[in-house]
Amino acid sequence: MYFLTKELYFPPVTETDFSGILAVGGDLSTERLLLAYNSGIFPWFEDGEPITWWAPDPRMVLLLDELNISKSMRNVLNRNIFTVTFNRDFRAVISNCQSIKREGQNGTWITDDMIEAYCKLNELGHAQSVEVWQDEQLVGGLYGVDLGHIFCGESMFAKVSNASKVAFIKLVEYLKANNYLLLDCQVYNEHLESLGAFEVNRESFMKVLKSKKAV
């Protein structure tokens with residue numbers, strides 16, 4: 001495991017340990033975050049812990065043509081019960097992702113410092129949010145880092161049934177329309193698997209990231 005200093009540097013992702021941890025330390029500056037994501041690395045840690053940088057193997061991804069929309073979800077979409085926007089309120093989305101209670105989790109990995117860091121990325125055009133509204137109330141959404149050819153999903157939330165799925169589906173439709181190669185889901189998640197995401201080895205993911213060609 002590598003211990004970062006003030007130097008803007010990450011070791012090769014092949015140096016991760018068995019759990020997928022590559023390095024600890026450093027900061028959440030815009031420059032370091034962009035270097036991390038463009039190198040196949042992302043931060044994931046809890047409040048009070050040192051910043052921990054991950055590059056897991058395998059990697060959870062979604063190929064945009066393989067999005068699985070169930071019959072019941074198509075019915076939800078066709079009823080137009082939600083309004084979907086992009087980047088209307090990034091801070092509200094990431095704040096809800098931080099505060100929402102999740103089954104099996106006692107806390108959140110989205111610290112206050114992370115909120116400020118990713119809001120800065122959003123202001124600079126490097127992070128995007130999807131908002132889902134019902135009766136003019138924000139009821140769901142997601143956010144992530146936008147690399148131009150890959151979208152790195154970070155977190156999602158829902159206050160009503162199906163809201164986060166609608167955000168995910170609308171994001172994938174946007175990415176496909178704009179010629180992105182894949183959606184990076186980072187680590188295995190049963191919910192995302194039901195939507196068509198699957199695991200690939202890190203080497204395959206890195207080839208797409210670096211060559212900007214589909215897996």
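## Burial and basis of the model

A residue is called buried when its relative accessible area is under 20%, exposed when that area is over 50%, and partly exposed in between, with a 1.4 Å probe and protein chains only. By this definition, buried residues make up 51% of the 215 residues in the chain.

The model is a predicted one, in which local features need pLDDT of at least 70 and side-chain atom pairs count only at pLDDT 80 or more, while totals for chains, interfaces and linings use all residues. Residues are numbered from 1 along each chain as its sequence is written, and side-chain values use heavy atoms, with hydrogens and water left out.

## Overall fold

The chain contains seven helices and 11 strands, taken as DSSP runs (H or I of at least four residues for helices, E of at least two for strands) and numbered from the N terminus. Its radius of gyration, 17 Å, is close to the 17 Å that the globule rule gives for 215 residues, so the chain is as compact as a globular protein of that length; the radius is taken over C-alpha atoms, and the rule is 2.2 Å times the number of residues to the power 0.38.

Of the contacts (heavy atoms within 4.5 Å) between residues at least 6 apart in sequence, 68% join residues at least 24 apart.

## Threonine 16

Threonine 16 lies in the loop between β1 (2-4) and β2 (21-25) and is buried, with a relative accessible area of 14%. Leaving aside neighbours within four places in sequence, threonine 16 is in contact with Ile21, Leu22, Ala55 and Arg202.
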